Amino acid sequence: LRLGRNERSKVRWSGCTATICLFEPSVSKSQGTTGATEGNVDDGSESDPNEIGTLHIANAGDVHAILCKNGKGYRLTGNHSTSNRKERKRVRQTGGTICKNEQHGLVEGITQSTRGLGYHGDPKLKTSIVPIPYTIS
């Protein structure tokens, strides 16, 4: 995440938001490795027969991962915009400003997103909009 800290861009407002989801399937004991000792070892943990794997999610910015189940939507990621009180506080603590041009304001008068990738052309945006994602598994 520290890559690009010293980078300079000729495009002043170059940046983006991103979300990624990675599904890691479970490996049942019957599907595990066939080693002589590994296949016969009982680790004492009870596995959920309905568990099919783990979903790893990361997002930076005002984009979200949504899980749709039985006709309902569930937001799985955090909100990185000026509408989030904690994000507004973090921006102000780093010396950034939030202008009241919109309902919840704009970071440095430009964007509502408080986290993202890029923003190397503007030194103020580079410190106010951080590339640290929200992660969950």
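Author: Take contact, meaning heavy atoms within 4.5 Å. Not counting residues up to four places away in sequence, Thr114 touches His80, Ser81, Thr82, Glu87, Arg90, Val91, Val107, Ser128, Ile129 and Val130. This is a predicted model, in which local features need pLDDT of at least 70, side-chain atom pairs count only at pLDDT 80 or more, and totals for chains, interfaces and linings use all residues. Residues are numbered from 1 along each chain as its sequence is written, and side-chain values use heavy atoms, leaving out hydrogens and water.

Reader: Is Thr114 buried or exposed?

Author: Buried means under 20% relative accessible area, exposed over 50%, and partly exposed in between (1.4 Å probe, protein chains only). Thr114 is buried, because its relative accessible area is 0%. Thr114 sits in the loop between β7 (106-107) and β8 (117-118); strands are DSSP runs of E, at least two residues, numbered from the N terminus.

Reader: How far apart are Thr114 and Val91 in sequence and in space?

Author: Thr114 and Val91 are separated by 23 residues in sequence and by 7.3 Å from C-alpha to C-alpha.

Reader: Which strands pair with β3?

Author: Two strands pair if DSSP finds at least two bridges between them. Strand β2 (residues 18-25) pairs with β3 in the antiparallel sense over eight bridges, and Ile20 has Ala58 of β3 as its bridge partner. Strand β9 (residues 134-136) is also antiparallel to β3, joined by three bridges, with Ile57 opposite Ile136 of β9.

Reader: Where is Leu55 found?

Author: Leu55 belongs to strand β3 (residues 53-60). Leu55 counts as partly exposed because its relative accessibility is 33%.

Conventions
Helix = DSSP H or I, 4+ residues; strand = E, 2+ residues; numbered from the N terminus.
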